[in-house]
Amino acid sequence: MDMNRTSAVAAKPVVPQDGDVGTTVPQVASPRPNVTPPVREKIRTEKLTVFYDGKEAIKSIDLSIPEGMVTAIIGPSGCGKSTFLRALNRMNELIPGTRTTGKVLVDGINIYDPAIDLPTLRKNVGMVWQRPNPFPKTIWENVAYGPKCLGVKSKAVLDDIVEKSLREAALWDEVKDRLHSSALALSGGQQQRLCIARALAVEPSVLLMDEPAASLDPISTTKIEDLMAELRGKYTLIIVTHNMQQAARVSDYTAFLLMGELVEFDVTERIFTRPKRKETEDYITGRFG
Amino acid sequence: MDDSLGQRGAQAPPSHTTGPGSTTRAPRTRRGKETWEYLALAATAIAAGAVFFIAAFVFWEGWPAFREVGFFEFVLGKVWSPTRGFYGILPIIAGTFAVTILTLILAIPVSVGTAVFLTEYSPEWASRIVRKAVDLLAGIPSVVYGLFGMTTLVPLIRRIELATVPQGAPSYLTVGYSVLSASVILAVMIAPTVISISCDALKSVPSEYREGSLGLGATRWQTVTKVILPVAAPGILAGIILGTGRAVGETMAVLMVAGNAPLFPKSVFTPVRTLTANIAAEIGYATGLHEHALFADGIALFFVVILLNSVALWFRRKALK
């Protein structure tokens with residue numbers, strides 16, 4: 001959607017500035033061969049600050065997130081990872097006592113503009129939570145929920161969307177014979193993939209994932225990680241994780257947050273092999289966190 | 001084998017240490033438990049016994065009315081006029097249902113709407129103030145509601161009746177005392193109960209559902225109607241059940257505004273008498289068969305309450321499924 005707007009405003013290639021690590025996407029060849037550079041900027045935050053009850057949870061974060069890539073946000077507990085993620089689709093506003101300053105540009109448009117329509121924003125910037133949260137409805141109704149809210153009425157169209165989304169989330173084969181039984185009867189890993197299917201059903205361009213595998217067993221975690229690799233390229237994925245191996249495995253870029261501040265942002269491989277900052281090195285080598 | 005041995009080894013020490021400890025403690029704890037058991041049993045017996053004896057007494061006293069008037073003549077009789085020897089309770093049962101149902105029709109949308117607004121839309125400080133005020137409403141004695149109804153609501157409804165009831169209609173349709181007056185007062189009386197319990201039910205809906213729905217691009221209204229209300233429905237129904245119980249049982253306020261004519265409620269403006277008001281209005285001077293008939297009225301009330309509760313429970317079971 002909005003092809004004109006996106007290409008007109010945000011299709012400029014990102015130019016790196018020396019000594020300004022963290023504000024721009026480093027101009028390097030993609031770490032994976034199947035994505036061709038240059039990388040287009042999808043989301044840009046400018047001086048993004050979020051207050052919880054007057055206290056700064058994240059402090060003036062400038063970050064540029066490339067389109068179609070997997071960007072991991074890592075950092076110790078309480079560093080503001082989730083707050084940062086939730087600022088990207090204005091989910092923080094649901095918590096009383098939060099205040100946000102600065103800008104978040106999605107496709108060049110500031111989502112904190114008062115004229116922004118929240119349902120449209122959240123349809124475009126989807127979210128998956130740490131704990132799988134399917135509605136207490138059937139599998140079919142869970143996936144069809146978003147499209148229905150957007151006004152899709154035809155059962156045939158909804159059936160198609162449900163199948164396509166479940167296939168995309170690699171869940172179709174497991175649930176195709178029980179689409180009309182309760183989603184709560186699925187296993188935790190299946191529920192999480194259902195939540196991903198539910199988010200994909202409204203055709204977002206960005207998918208925010210807040211520790212999507214943190215409450216899952218290793219096999220389910222692997223499935224979620226494989227799924228992220230599948231979705232990469234088609235969607236811009238931003239994943240919060242406290243699991244550094246996971247960040248190293250699935251992401252193209254990694255941002256390291258510490259006490260609400262962005263310490264370092266770079267190609268994942270470089271963050272994990274030659275970090276520029278001492279704090280990053282200490283964290284990834286397990287000296288704290 | 002190794003595993004089970006290891007497990008047993010790990011479990012053995014605690015069980016060994018609790019063994020002697022528990023034998024020395026055992027008599028003391030058992031004696032304490034017995035004392036409490038007897039006290040609890042006595043309390044239960046008194047409570048259950050009281051209910052049983054009241055029910056038995058009502059049935060015992062009401063039974064002669066059924067025998068003398070005849071069961072069907074009593075339950076299906078259309079005229080209640082003890083002085084003329086007519087003991088037909090059907091108009092009074094109908095009046096009770098009319099008042100209760102209209103009360104629910106008025107109270108449910110307003111109360112649930114208020115609860116949704118207080119939990120989902122208004123800022124927290126405002127909801128706290130409003131909820132305090134609503135809780136205060138629940139503590140006002142019913143006679144005060146009745147007084148307010150007689151002096152303020154009944155004249156208002158009389159004006160509405162005079163404006164809407166066609167010429168030539170029976171004059172009792174323009175007195176202001178009516179099904180509508182009773183239902184409005186009862187709706188105001190049960191609203192605090194329904195609001196309070198609905199608020200708790202809505203608040204207990206996990207925020208993950210709320211976020212999940214809003215995160216998919218649903219509007220707040222869609223989130224409320226499609227996710228939050230269905231999840232909270234059993235709790236809201238519990239509030240409605242409690243409110244219904246209060247509406248059926250309320251006597252004083254209804255007595256003061258319903259008009260107390262044992263007429264069939266053909267319109268919302270008809271003055272009616274409810275089962276509770278009937279007892280309260282006549283028991284002071286009733287003797288003989290009349291007195292027995294009022295106890296039989298109590299039996300009817302008993303079954304009306306059971307019926308309404310079963311309907312509510314059926315809804316609740318459906319909502320839980």
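Biologist: What makes strand β1 (residues 41–52) and strand β4 (residues 98–106) of chain A a pair?

Modeller: Eight bridges join β1(A) to β4(A), and the two run antiparallel. The rule is that DSSP must find at least two bridges between two strands, so eight is enough. One bridge you can look up links A:Arg44 with A:Leu105 in β4(A). By the way, a strand is a DSSP run of E over at least two residues and a helix a run of H or I over at least four, each numbered from the N terminus. Bear in mind that this is a predicted model: local features need pLDDT of at least 70, side-chain atom pairs count only at pLDDT 80 or more, and totals for chains, interfaces and linings use all residues. Residues are numbered from 1 along each chain as its sequence is written, while chains are lettered from A and ligands numbered from 1 in the order in which they are written.

Biologist: Why are β2 (55–66) and β5 (109–110) of chain A called edge strands?

Modeller: Each of β2(A) and β5(A) pairs on one side only. The sheet is open, with four strands in the order β2-β1-β4-β5 (chain A) and antiparallel pairing.

Biologist: How do you know that the length of helix α7 (residues 188–200) of chain A agrees with what it should span?

Modeller: The expected span is 1.5 Å times one less than the number of residues. For the 13 residues of α7(A) that comes to 18 Å, and the end C-alpha atoms are 18 Å apart, so the two agree.

Biologist: What makes α7(A) mostly covered?

Modeller: Twelve of its 13 residues are buried, among them A:Leu194, A:Cys195 and A:Ile196. Buried takes 20 or more other C-beta atoms within 10 Å of the residue's own, exposed takes 12 or fewer, partly exposed is in between, and C-beta atoms are placed from the backbone. The cover includes α4 (139–149), α5 (155–168) and α8 (218–231) of chain A.

Biologist: Why is A:Pro76 called partly exposed?

Modeller: A:Pro76 has 14 other C-beta atoms within 10 Å, so it falls between the 12 and 20 cut-offs. A:Pro76 is in the loop between β3 (70–74) and α2 (81–87) of chain A. Its C-alpha atom is 9.8 Å from that of A:Asn243, 167 residues apart along the chain.

Biologist: What makes a set of residues a nonpolar core, and which have the most contacts inside the largest one?

Modeller: Members are buried Ala, Val, Leu, Ile, Met, Phe, Trp, Tyr and Cys residues joined through C-beta atoms within 7 Å. The largest core has 138 residues, and those with the most contacts inside it are A:Ile238, B:Ile185, B:Leu186 and B:Val257. Helix α6 (residues 179–203) of chain B gives the most, with 17 residues. A second, separate core of 15 residues includes B:Trp80 and B:Leu275.

Biologist: What does B:Leu186 touch?

Modeller: Leaving out residues up to four places away in sequence, B:Leu186 touches B:Val99, B:Thr103, B:Ala247, B:Glu250, B:Ala253 and B:Val254. A contact means C-beta atoms, placed from the backbone, within 7 Å.

Biologist: How many residues does the contact take from chain A and from chain B?

Modeller: Chain A puts in 22 residues and chain B 15. On the side of chain A that touches chain B, α3(A) gives the most, with four residues.

Biologist: Where in chain A does pLDDT stay under 50?

Modeller: Over residues 1–36 of chain A. pLDDT is the predictor's confidence in each residue, from 0 to 100. Where it is low, the predicted coordinates should not be read in detail. Chain A as a whole has a mean pLDDT of 86, with 86% of its residues at 70 or more.

Conventions
Two residues are in contact if their C-beta atoms, placed from the backbone, lie within 7 Å.
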